[in-house]
Amino acid sequence: MPQNCLYCENKAALDALMIKIADLSVSTLYLFREQSHPGRCVVAYKDHIGQQFEIPEEEWIRFMLDTRRAAIAIDKAFHPDKINFGAYSDTLKHAHWHLVPKYKDGFEWGGTFEMNPKKTYLTDEEYADIIARIKAEL
């Protein structure tokens, strides 16, 4: 098992940043706890692969379909004006996508989203409501 991989070790660091929503075809969908962008999620590939281009082609297609499925669910649940896709991470070598709903009258409209602005955290009940809304559309 890779050392210090947020997704593979699935320890307190992951739980502090995200809440698992569902297992998808070849990935896991998480709700990002910081919700400056309502409905923000992460889709993480099931295996420890650092670069998306290193995923075998058939699996990469399934990963992209999982990401699309999650984005459609977020769109149906929250009706954002745009969903930004981000595949960053110089130090966390595990293939994943950030799905960031953007709203014209909301935080950071018109610019690149901040990775973790640490501005908006919710109650357990509010997280559960968001998760239920997304799951209903998966």
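**Close-up 1. The contacts of F32 in a predicted model.** F32 touches L17, M18, R40, C41, V42, H98, M115 and N116, leaving aside residues up to four places away in sequence. Contact means heavy atoms within 4.5 Å. F32 is found in strand 2. Strands (E, at least two residues) and helices (H or I, at least four) are DSSP runs, numbered from the N terminus. F32 is buried, because its relative accessible area is 4%. Buried means under 20% relative accessible area and exposed means over 50%, with partly exposed in between (1.4 Å probe, protein chains only). F32 and V42 are 10 residues apart along the chain, and their C-alpha atoms are separated by 6.6 Å.

This is a predicted model: local features need pLDDT of at least 70, side-chain atom pairs count only at pLDDT 80 or more, and totals for chains, interfaces and linings use all residues. Residues are numbered from 1 along each chain as its sequence is written, and side-chain values use heavy atoms, with hydrogens and water left out.

**Close-up 2. The second largest pocket.** Its volume is about 150 Å³. The lining consists of L6, Y7, L17, M18, F32, Y88, S89, L92, H96, H98, M115 and N116. Helix 1 (6-9) and strand 5 (96-102) are the elements that give two or more residues to this lining. By class, the lining has 8 nonpolar, 4 polar and no charged residues. Ala, Val, Leu, Ile, Met, Phe, Trp, Tyr, Cys and Pro count as nonpolar, Asp, Glu, Lys and Arg as charged, and the others, Gly among them, as polar. On a 1 Å grid over the protein atoms alone, a pocket is an open set of points where a 1.4 Å probe fits, with protein on both sides within 12 Å along at least five of seven lines; lining residues have an atom within 4 Å of a point. Grid points are joined across faces, edges and corners, and a volume is the space filled by probe spheres set on the points.

**Close-up 3. The largest pocket.** This pocket has a volume of about 180 Å³. G50, Q51, Q52, A87, Y88, S89, D90, L92, K93, H94, A95 and H96 line it. The lining divides into 4 nonpolar, 6 polar and 2 charged residues.

Close-up 4. Y127, I130, I131 and I134 are buried in helix 4. They lie on the same side of helix 4, because they cover an arc of only 100° around the axis. The arc is that of the directions from the helix axis to the C-beta atoms. On the other side of helix 4, E125 and A136 are exposed. The buried residues of helix 4 pack against strand 1 (18-23), strand 2 (27-32), strand 3 (41-45) and helix 3 (57-78).
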